[in-house]
Amino acid sequence: GGPSRYIERRGHPRLRMRHMPFAVGGVARRRWMQLMGQALDEAALPPEAAARLRDFFEGVSTMLINRRDAGPFR
């Protein structure tokens with residue numbers, strides 16, 4: 001029950017836990033964002049929907065970073 005604000009803002013509570021076995025650093029995050037951006041472009045969603053998804057992906061992908069690498073996070 002209750003509002004779904006946590007999931008709306010951060011994704012499923014176990015999403016970070018599920019990604020822990022994988023090294024997710026700034027380089028991997030940027031590549032994932034690049035691929036998701038291409039997928040959104042190909043999907044040709046209405047601009048408002050695409051913008052909301054991009055914003056969501058930005059936050060979630062940053063939250064999933066669990067390793068430092070040579071590249072900056074963004």
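Helix H3 gives the most to the lining of the largest pocket, with three residues. This model is predicted: local features need pLDDT of at least 70, side-chain atom pairs count only at pLDDT 80 or more, and totals for chains, interfaces and linings use all residues. Residues are numbered from 1 along each chain, and side-chain values use heavy atoms, leaving out hydrogens and water.

The pocket holds about 150 Å³ of space. A pocket is an open set of points on a 1 Å grid where a 1.4 Å probe fits, with protein on both sides within 12 Å along at least five of seven lines; lining residues have an atom within 4 Å of a point. Among them are Leu15, His19, Trp32 and Leu64. Helix H2 (15-19) and H3 each supply at least two lining residues.

H3 also packs against H4. Their axes lie 11 Å apart at an angle of about 165 degrees. That makes H3 roughly antiparallel to H4 (an angle over 145 degrees). In H3, Arg29, Trp32 and Met36 are among the residues that meet H4; contact means heavy atoms within 4.5 Å.

Terms used:
Axes fitted to C-alpha atoms, helices over the stretch in contact; angles between N-to-C directions. Helix = DSSP H or I, 4+ residues; strand = E, 2+ residues; numbered from the N terminus. Parallel < 35°, antiparallel > 145°, perpendicular 65-115°, else oblique. Points joined across faces, edges and corners; volume = space filled by probe spheres on them.
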